[in-house]
Structure formats: C-alpha cells, structure tokens
Amino acid sequence: MRLTLKIWRQANASAKGSMHTYEIDGISPEESFLEMLDELNEQLTAKGEDPVAFDSDCREGICGMCGLMISGQAHGPEVTTTCQLHMRSFNDGDTITVEPWRADAFPVVKDLVVDRSAFDRIIQSGGFISANTGSAPEAHSTPVPKPKADRAFDAATCIGCGACVAACPNASGMLFMGAKITHLGELPQGQAERGSRVRAMVATHDGEGFGGCTNIGECAAACPKEIPLDVISQLNNDLRNSGKYLR
Amino acid sequence: MAVTGVIFVLFVLAHMYGNLKLLSGQLAFDEYAHHLRVFGEPMLPKMGLLWIMRIVLLVSVVIHAYAAFTLWGRANNARSTRYAVHKMAQASLSSRFMRWGGVTILLFVIFHLIHFTIVKPNINADYTQAQIDASPYIMATASFKIWWVVLIYVLAMIALGMHINHGLWSATQTLGWANSPSARATAKGIALIVAALTVVGFLIPPLAVAFGLIAK
Amino acid sequence: MTELIHGLYTEGEALVDPSAPTGPIETRWERTKDANRLVNPANRRKLSVIIVGTGLAGGAAGATLGEAGYQVKSFCYQDSPRRAHSIAAQGGINAAKNYKADGDSIHRLFYDTVKGGDYRSRESNVHRLAEESVNIIDQCVAQGVPFAREYGGLLDNRSFGGVQVSRTFYARGQTGQQLLIGAYQALERQIAAGTVEMFTRHEMLELVVVDGKARGIIVRDMVTGEIETHLADAVVLATGGYGNVFFLSTNAVGSNVTATWRAHRKGAYFGNPCYTQIHPTCIPQHGDKQSKLTLMSESLRNDGRIWVPKDAADCDKDPRTLPEEARDYYLERIYPSFGNLVPRDIASRQAKNMCDDGRGVGPSISEVGPDGVTRDVRRGVYLDFADAIKRLGRPAIEEKYGNLFDMYARITGENPYETPMRIYPAVHYTMGGLWVGYDLQSTIPGMFVAGEANFSDHGANRLGASALMQGLADGYFVLPNTIREYLADAPFEKISEDHPAVVEARTSVEERINYFLNSNGNRTVDSYHRELGSIMWEYCGMERTEEGLKLAIDKIRALRADFWTNVKVLGKNEELNQALERAGRVADFLELGELMCIDALHRRESCGGHFRAESQTEDGEALRHDDEFAYVGAWEFGGQPGPNGMGAPVLHKEDLVYEFIEMKQRSYK
C-alpha cells in the first residue's frame, strides 16, 4: 500500500505545531496502524529526520496508552484502540490525517503525545473505594446481585484512553467519569462514599477544564470499549441524589 | 437546563393545545383566549395566571440561556485548538443544531411576542387594526394569510422540533432517568414523538389558514 | 574463584538465603511476620521508600506503604500508573478459597504451584503465596473489583491451566485489568492523601548504592530530559519481566529490563535468567514489521483441535479443503491421553517442531536458521473449531469464546468461525529475575524486588493464573511485612546529592545518554533489537542446545560491539526522545541476553520452560536432573561483559531443599 500521511508535528508543549506531509510505500494491509508509524519512523531516522513521537504500550488494546485522531475519528474508522487498528481498514492511495487528542485538559507534550494526567486527578479526587490493605472482610460476606456485578464490570472496562474527550464536540470527560461512578456505585462496597465521590469527581472534572456534557453521544460511539451513554445518566442521577447518599 | 427545558416543553404543549382551538372557529378561540385572562378569578386577579406563567417562563429563559451560553463558552475553552479534520460518528442533526437552533428559537420568540402580544401590528391590508385588536382569532388568521409569515413560523417550528427532539432526551440524561439501554431508547422515542407532535400541532393552524381550509 | 567454565563464567560460593524460615511450613510466614520488628507510626513519616513500577506489585506496595504512613515515591515510565502491563493479563487469579468445596486447600495450591514450577522454586515462598492468595480476593472485592459472580451473588470461579480444582477467580477475560485498576485506585487515593508522590513518564536509569546499601535511584524525566536524583531509605523494584529481550513477545512494547539490570550491575544477583515461559496460543507473526505478539487465552485448547497438514505441499492450501486423512492432529497423536491439553511448554515445542519440519501454515517469513542460512518458514499451526461448532453449535462457542474470536478476527482479518485459527507460541513471562531472599530483599541491602521482576515463586515454570496472585501477594501482603524489618533499623545515615556515590551514578547516566546522542552511527535502535530478538528466539527459545547457545553468545557479543559503534539516535536529551529511551533499554537487553544464554548453557537439564535438547527421554520429553541442578542459579555481575570473555559472571548456587513435597518427574503421555 502507498499512503500519504498528514501528521501533526509539535516540538514541545509550548512550541507552535503544524501539519507535515509524508509519503510512505510498501505497507502491508496486515500491519497495525502503529506498526505503519514505526516504519515511517525507521525511514525518517534513516534520513536523519526526527521521528514522530506517539504513545503506545501494550499494543493489545487494553492499557489505554495509545490514542490518535485518525482522519477526524478517535482511534480511526473502527470501534477499537489505535493499536488494534489495522491497515486493511484503509485503501491503497489514501491520505490519512493524524492528529493528537485535542482538548485543553490534555495539553500536547510532543507531536502526537498528550498529557492525560487530568484523568488521574479525577480518580484521585474520589474514584476509589477506601479499603486499606488488610482491613477487608471475607469476600463472600457481601453478595452482589449478578446484574449489578455485570453492569459494574461493563463500566469498569474503561481503559482511560481519552477517546471520549477527543471525540466530544465539547471536549467533556463525562463518559470517563460516568464509567467510574457507575462501576463503584453499582457495588455494595461503593455505597459509603457514593455521594461524596460524585461531587468531588465532578468538581475536579470541571476544574480541569473539560467541557460540559450536552449528550450528543460521540463519546460512546468513539469508545473502544463501547461504554454506553447511560453511565452519564447514572452520574447525573448520583449527583442529583448525592445529598441523600451523604445522609 | 434540563428543568427549564422541561418547563418549556410543558408550556409549548399547552400552547399548542390552545392553538388547535383555532380550528373550532372564531367564537371558540376568542372564548379560550378570554378565559385564559380570567382564569382563576376571583382567587387570582385578572391576567393572574398569565402573569404567573410569564414570570416563570421569563425566569426559565434567563436560566436556560445562561446555562447554554456557559456550556458553549466552556466547550470553546475546552478545545481552543480545533481539529484539522473532524468527522462526527453518529451525532444527530438535532444535537448538532442545539446552540444555533436555540438562538434561532429565541429570536423567533421575540418576533412572536411582538407579533401577537406586545405590538400586534396589522400586516394584512385586508383587515383593520380595530378588527385585530378585538379578536385574537382574526389577529391569527389575518397573519397566516401572508406567505412569509407562514414561512417564518414553519422554519421556527422545525427548529423548535429539532431542539425538543434532542433537548428532551438530553434532559432525561441530565436528570438521570436514562440509566439503561432500554430507558435510553424510551427517552429518545418520547422525545421524538413530542417533537413531531409539536411541529405538526403548531403548524396545522397556520397551514390550514394559509391553504384556506378554515372559513373566513 | 574457580576457573572459567565453558570459557564463560566462574562459580562462586554457595548462596544461602539469610531470611529463610525454618520449622513447620504452615506457620513459617506467621512466625516471620511476628518476628519482624515494627516501625512506630510516628517514625514511618520520617522514612522514605522509592517504588519503581506501578503494576500489581508496585501499585499495591505503593498504596499499602502509603496507607501505613511511609513517605513513598512511586515511578513509572508510562503516562499513568494505570497503564502497567499487569493490565493485559486475561485469565484469572488463583486463590485457595475452596468455595466449590472440591477439596482445594492452601496445601493443595502450594503443591500444585511447586509441581507446576517443576521443583525449582522454594517451598517456603510458595506456601506463603498460597496462604496470602485468600486475602487477595478479600482485599480486591473490598476495593470494588468486579469479579464474575453467580446468580446467587457469590463469587464464581473456574478451573484453569489443567488443575483439578476450581480456584481461579476472574473478571471475564480482563482479570488483570480489573485487579490493576483496583491497585491503581488505591494508589491514587494515597497520592491524594499526600503519602505517595507520583512520578509518571520517569524512567529509572541507575541505582544509587551508598556504603553497600540501596539509597536511591537516578531517573530521567522523559518529557524534559532532566536527570533527577531521588534518595530514600529503601528502594523497591517492581518493574516486571524481561520478555522483550526476544523483541517479539506478549509484553508491552515499553517493557524493559533496565531497572533490574542496572541494579544487577550494581551488585544484585540475577536468579535463573534462562527461565522463560513460552505460551502456545498466540496469534502468529504476520510479517517482518510486527512489533508485538498477542496472546489468546489457552482455554481455547479445551475445544479447539490443533493440526498441521501431513504433507508440506498442502500448507498453502485452504485448510477447509483438506480431508481428514491429510491432516496431522499431532498432539492427539503423540499424547493420546492429554491430547490438545498438554502443558504449555510441550504444546509450544511441538508446534515449533511441526514448523521446523516444513509443515507450518500461514504466511511464510524469512528467518535465519541455526546454521546461519536464511530460509522462508511458515510459523503457525491450525487451531480448528469446526468439530466443536458441529458438536456444540455456534452459539455455544460464541458464548464461551466470543471475545477471543473477535480479537482474532480484529488482528488477522480472518473469521475463525469459518476458517481454522492459526496459532504459534510466543514469549509470555519470565520466571527468572533478581534474586531475593524470603524477605524479598536482593543481595543489595535495602533493595527489595517484587512481582515478576524477582525470580522467586514460580520455579522453572509458572502455572496459569499465578502471576496475578504473586504480584498482588508481594505488593499488598509480603513486602509491607518484610520491609519493616529493614526499616526498623532507622534512622539511616543522611546522604546528600553530592555524595561521591550519587555523583558517580548520575554521571554514568549522563555519559551514557551523551554517548548515544553523539554516536553518529547508521543503524536504528529497533533494528538491533529485532536482530537480538531473533538470535534469542532461535537459540534461547523453546529448545536450547549447547552448540546453539555458544553460537548465540558469539552473535550477541558481535551485535553488542556493533551496537556501541554504530547505533544512531537522533534529537537531543532535553525533549521527549523515544529513540533515546529505547537505546538505553536495548543496550541492557544486549547484556542480559548473553547472561540468559550462559545460564541456559550451564543448566544442562530440561525443567519447566527450559528445554535442553541434550536432556530428554527416549520419547523426546523433558528430563530433569535433580541430583545436579536442584538449585537456584544466582548470577553475580562480572564487570563489563566483553567479546574476549572478560568480566565473566559468577554463579552462586542456592540449594533447593524439599522437605514437604517429594520431587517427581512429570509425564503427560
């Protein structure tokens, strides 16, 4: 395959970036998108040009480290992570635009690498169940109804990649946050902190500069783990009832 | 935003119901309009209910618009560098038209209030100002015989329908009532039905007048 | 010192674990915890601990030590502690809860793990692991880990990896993810509480040893390039395994050996480096641009049948057109009683044998053989579900394996419901790692090693669903209880950043970085890494021979020499420079690879994941030599390895004594 790549290049957080065009040939449709970028970097290095910086780690779709805006779609045209996107999803001769996640809460570090530590700070503010090591009761002392356990699991599959924010026209992080609220709120162990959790996380989210949610639904459509939109409703429900949970 | 939005939807539905009285003829419609003004007497003063509604709606507009512009501003600040290429995956036309659609509706409401409440200008030379002031029925039918007035109302009602279609479903999300896939489907369905009902219900009287389906 | 053996290494004094407990095995851990001194809560605030790595072991240890009140500094190279590669574990986590009342017990888990490790692990460690397994489940449930549940609301579990009891707790196929998120959230809670200071995108490049004790680390801020010194009273390495020495493995592309290798160079012994686990059911390589391999749960072997064509000429034909009589269901043929469910190492090795025999399937990839000749080989065997679909129906197969089939389809573009899957073994886990005592302390006082980074609990082979168990046991329960015995010696001598040992460590890091940036060579870092990987895979992979290992050592030395003269790294230090990061990692892999080959060469027996062609039964099965090799091979760094054999590593043997379990030769025929 022969491709034209238009890639965002930006030397560092404070530098001004711009799109650069590269031609690449001899790409196999079996390669993953990131392997195609690896190959571009090998060629750039051989020519003495600075390779393109991009994040990735597990390359099996679970760590959440990779994430690119590919021709205007978060993680590209398939419902999966960038690392699990393969070149067979493209056609010979295509022009592909590659940009970093765009959100002021996710500042660009270099080229296609962004800083998603805002997500960590949201979790820090309440995305946990306070259970000190060694203080846990016997696991079977609290049964969890299977439907609740299943819903908690579905929400807990979030990989924190940030595609929801990237795809959202408002750059909102509500799907990420809603997934955590739903995961912990569905479980009996999560009830004690249910009210304070949602309030603290929402306050942090808004303070980090994410946009507000207008329920457009692009987040859920872009989510590689197919987290459904109802976690946002659940978050709002918990927020509305947070006073009750705090009593 | 959700709460004020729901207030608007309830108002709009009631308003639509009243409008449909137009089909019952001048007597019924004028009687309805009069009754609105004396509703609740003597417990309420004359025009009492109307003013309560006006105040509630006015406050709602302020809150709704304030929230909307705040969200708009936050969205702009949250992504100060735009994408070179951005494709929407599934966003409905309604959801993408909320902000400008909302502005459109606001402008229309101002026009509508001037048209039928505050100034009541006579724009149809076939009628006198006295006739218009005397009968709300005549006021309405006189206007809807003019094509561009009908066109404005048709466009505004389409904008309103789209706004309700996304807005009502969005309100269920914001209020936390769409916590499952089935609840989400129901909410979206109801929103679509209410939106369609609104568009059709509001447009029947003006179109009926425009096409001469109502006598006189 | 003895003289050079094989011209490669010397043998030093025997190694004895100073913290090894004695007495009845059931109470060894309890008695150790009681004997370990306590640290007064007021003093904990004054004690600092550095933890490198935020996977199950590092994340759990960071959270627990933070809760206890120590000042913790936690480091990871990723952008968030939640990315650590523990997240990719699919299958589950073992715990001797006996919820199914099927006869499971701590003793049985202990026995299975020792046996699974082919009698090359310590009884005391494994027993402790089995004891703590039950606490892990309690802890994780309390944190909100959404384990699979039955309709009654209680925890479900399943039988895994050929054991006869049902003790594997799981969260669909994403158990590692859920456990890691639990540990991550506990860690983030401590970060918010101010007890843990988190450094993301920071890579440890050197260990600081002052007066024989580990006192800090030198890290590079991967965003700004700044070389930072962090000093503390103790250092914990929880940096995972080194499978990426093979370039292609199921590890994350960033996984590396640098932290542990740098510590090894500073005096920490490396235990059993040759013990690697090769997993049979991975998705085969698609071509020479491949960057990593993906594992599929081996539960697939429960219903899939493995075969290759009998005739090499049929290998490029559509498998569906081949009649039964043209297929060789080789595992069922060779191992009639276990069939497709033979252990991982056997399934792996036989797949390699079939492909070496020219009967592999899938795309042919050119590779350099042991004889140095380049040839095209198909590396893959069929895993066929046609019979299972006929027998159970497609819905039943979808229900059981749907997510795995989807994953396969996503990666290969083939529909496994229609055509047989292709699988091939891949490097998955490294049982070897830094040598630690029962207290998880390395041979450098004050430096502790937890999780996959240490060598301790799995012997020569790890059982399925045991990696998560070990990582969390070390992090939540073992390390916090053993490190206090060391920290109770506080206060420790204050050291400053201009201490000569600190300056030396820092300077060496800076010099190495400058060397790479100024080397002006003409080969990329990745090309060296790929070449090293193919050498390791060929000679130190599934089957090892004396001749091959010696050849590999020569090749690695030549490659390393070339690397240091010819590597090309662009850009500067003061920026995000991914090629520079990789250069340092590959430099360390080039040294580790040699040590792995030396270890594999010296262990002239077949055990667990280590198969020496010279040590097999008449039927070609692995043959252990307990009389000669029932020991841990702990290697002391011998100085800068060089092509002339200088700086030969020193082997220290720690004898493995079996008091409670009888050693047996395994058989799967």
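At what angle do helix α14 (residues 525-539) of chain C and helix α16 (residues 578-602) of chain C pack, and how far apart are their axes?

Modeller: This is a predicted model, in which local features need pLDDT of at least 70, side-chain atom pairs count only at pLDDT 80 or more, and totals for chains, interfaces and linings use all residues. Residues are numbered from 1 along each chain as its sequence is written, chains are lettered from A and ligands numbered from 1 in the order in which they are written, and side-chain values use heavy atoms, with hydrogens and water left out.

The two helices of chain C pack at an angle of about 20°, and their axes lie 9 Å apart. Here helices are DSSP runs (H or I, at least four residues), numbered from the N terminus, and axes are lines fitted to C-alpha atoms over the stretch in contact, with angles from 0 to 180 degrees between N-to-C directions. The angle makes α14(C) roughly parallel to α16(C), a term for angles under 35 degrees. The crossing of α14(C) past α16(C) is left-handed, meaning that the near helix is turned anticlockwise from the far one by less than a right angle.

On the side of α14(C), the contact (heavy atoms within 4.5 Å) involves V525(C), D526(C), Y528(C), H529(C), L532(C) and M536(C). Those of α16(C) include R582(C), V586(C), F589(C), L590(C) and M596(C). By class, the residues of this contact comprise 11 nonpolar, two polar and two charged; Ala, Val, Leu, Ile, Met, Phe, Trp, Tyr, Cys and Pro count as nonpolar, Asp, Glu, Lys and Arg as charged, and the others, Gly among them, as polar.

Of the two pairs of chains in contact, A and C share the most contacts. About 6,200 Å² is buried between them, 51% of it from carbon and sulfur atoms; buried area is the accessible area (1.4 Å probe) lost on putting two parts together, summed over both. Eight salt bridges cross this interface, each a side-chain nitrogen of Lys or Arg within 4 Å of a carboxyl oxygen of Asp or Glu. K110(A) forms a salt bridge with E575(C), their closest N and O atoms being 3.5 Å apart.

Chain B, by contrast, does not touch chain C, and their nearest C-alpha atoms are 19 Å apart. Chain B has nine helices and zero strands.

Conventions. Parallel < 35°, antiparallel > 145°, perpendicular 65-115°, else oblique.
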